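Take a look at the sequence and the model below. The report that follows walks through some of its parts.

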Amino acid sequence: MASYLLIESRDPFESNDVASVYELAAGLIQEGNEVTVFLVQNGVLPARRSAKSQPLTGLAQIGAEVLADDFSLRERGIKLERLAEGIGASALDTVIDHLANGSKVIWH
Amino acid sequence: MSDKKTITFALMDPPYENARCTTALRLINIAAQRGYDVNVFAYEGAVGLPFTKQSPHPNAVHGHDADEEDHPLPHEWIEAMAKTANANGGNLDWINCGLCVDERGVHEALDFVRRGSPADLWKWAEASDNTLVIPTK
Amino acid sequence: MGLKVLSIVESAYRATIEEQDDTILWTSTALRGAGANVDVLLRGNAVNYGVKGQDASGLQFGERKQTHPPQLEDDLQRLMDLGAKVYVTTDDVAERGLERNDLIGGLEPISRSGMAKLCGNYDQIWHW
């Protein structure tokens, strides 16, 4: 079992490929890995509760930790109380923590 | 046991074109503040980040002269982060892909920046605790 | 055992004319040449790099002709000749109306659902 950090900088409103990252996250969990999905830049846009949030909530429900960069949220005026279920805010330090701890870190 | 880590970043984006540069510099800043050894392999447009001929300008739409606008210049941010890393017991090392520099003509870079190739990225990756590639789109 | 890296190429035809190649296939080839244990996964639009018969020749700007247009199929073959495995995601191939015999030989098919297991075979995943 390994630890993975999937950094998603793109959003599903603009990019079809984001779905493949969510799919990879689910697959890695099914393989028994620890998975954190870290949303940054426009990747936080689906963190604001909407129809596009459901895949992220779904990942949290199957065991992923789903986090959104607090600066990116604030930059876009996304208040914490508007976050979809299962998504938490986090400092970007989380990425450095994962790198320092030897997680497999993938940026999309 | 030391908490000091060595992290390598590979960057691709030029300054002033998208949000990835800013996030990359934020990450490097965090690592510098922790006193880590940080290696940056700048590929393609990212070789423009430490280019010292970036210069500030006024902004009439903002109603600012050049001093008031205080326009960010990435090479200044990088220089500042190098000082932060050193002050905290770490180091910021930066290699620009040489062929990428030649194509773009951005030869004037910060003093500590040197030319290199993908072989340098691999050497760093093998010697680091981890490597993060931040792709362009 | 040394570092083993999977390089994922997703972005396609990005500055390939100006660079006369795909810069990530180029880097991967340079890394292989330097002894790196790097394999490549083509996904998304980059699966099209495996298509036979791509032709980017003939561009001219004023009197200036491009003399070495990109030859991406050859670049993939060069990478494979250096010992790299080059995977291609079958779902992305099918979605783009491609069939197996549209692609050059030697590419290793992998489904999107197989990617998680594939990641487990590498120490690091570099997504370009």
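## Chain B: the overall pattern

Read along its sequence, chain B follows the pattern β-α-β-α-α-β-α-β-α-β. That comes to five helices and five strands. Keep in mind that this is a predicted model.

How does the size of chain B fit its length? For 137 residues, a compact globule would have a radius of gyration near 14 Å. Chain B has 15 Å, which agrees. Its C-alpha atoms fill a box of roughly 50 × 35 × 30 Å, taken along the principal axes.

Buried residues make up 50% of the 137 residues in chain B. Now take the contacts in chain B with a separation of 6 or more. Of these, 72% link residues 24 or more positions apart.

## The nonpolar core

The largest nonpolar core holds 109 residues. Seven members touch the most others: A:Leu6, A:Ala25, B:Phe9, B:Leu11, B:Ile28, B:Ala42 and C:Leu42. Helix H1 (residues 19-33) of chain B gives this core its largest share, eight residues.

Which residues does B:Phe9 touch, not counting those up to four places away in sequence? The partners are B:Ala24, B:Leu27, B:Ile28, B:Val40, B:Leu132 and B:Ile134.

## A sheet in chain C

Chain C has an open sheet of five strands. Their order is E6-E5-E2-E1-E7, and the pairing is parallel. Strands E6 (108-110) and E7 (124-127) of chain C stand at the edges. Each has a single partner strand, so one side of each is left without a neighbour in the sheet. The twist averages 30° from one strand to the next.

Strand E5 (residues 86-89) of chain C runs parallel to E6(C), and three bridges join them. C:Thr89 stands opposite C:Ile110 in E6(C).

## Two residues with positive phi

B:Glu44 is not a glycine, yet its phi is positive, about 50°. Its place is the loop between strand E2 (37-42) and helix H2 (66-69) of chain B. Is B:Glu44 buried or exposed? B:Glu44 has 22 C-beta neighbours inside 10 Å, so it counts as buried. The cut-off for buried is 20 or more.

C:Tyr13 is not a glycine either, and its phi is positive at about 55°. This residue lies in the loop between strand E1 (4-9) and helix H1 (16-19) of chain C. C:Tyr13 has 15 other C-beta atoms within 10 Å, so it is partly exposed.

Terms used. Residues numbered from 1 in each chain as written. Chains lettered and ligands numbered in written order. Predicted model: local features only at pLDDT ≥ 70, side-chain atom pairs only at ≥ 80, totals over all residues. Core = buried A, V, L, I, M, F, W, Y, C linked by C-beta atoms within 7 Å. Buried ≥ 20, exposed ≤ 12 C-beta atoms within 10 Å, placed from the backbone. Helix = DSSP H or I, 4+ residues; strand = E, 2+ residues; numbered from the N terminus. Contact = placed C-beta atoms within 7 Å. Pairing = 2+ DSSP bridges. Axes fitted to C-alpha atoms, helices over the stretch in contact; angles between N-to-C directions. Rg over C-alpha atoms; globule rule 2.2 N^0.38 Å.
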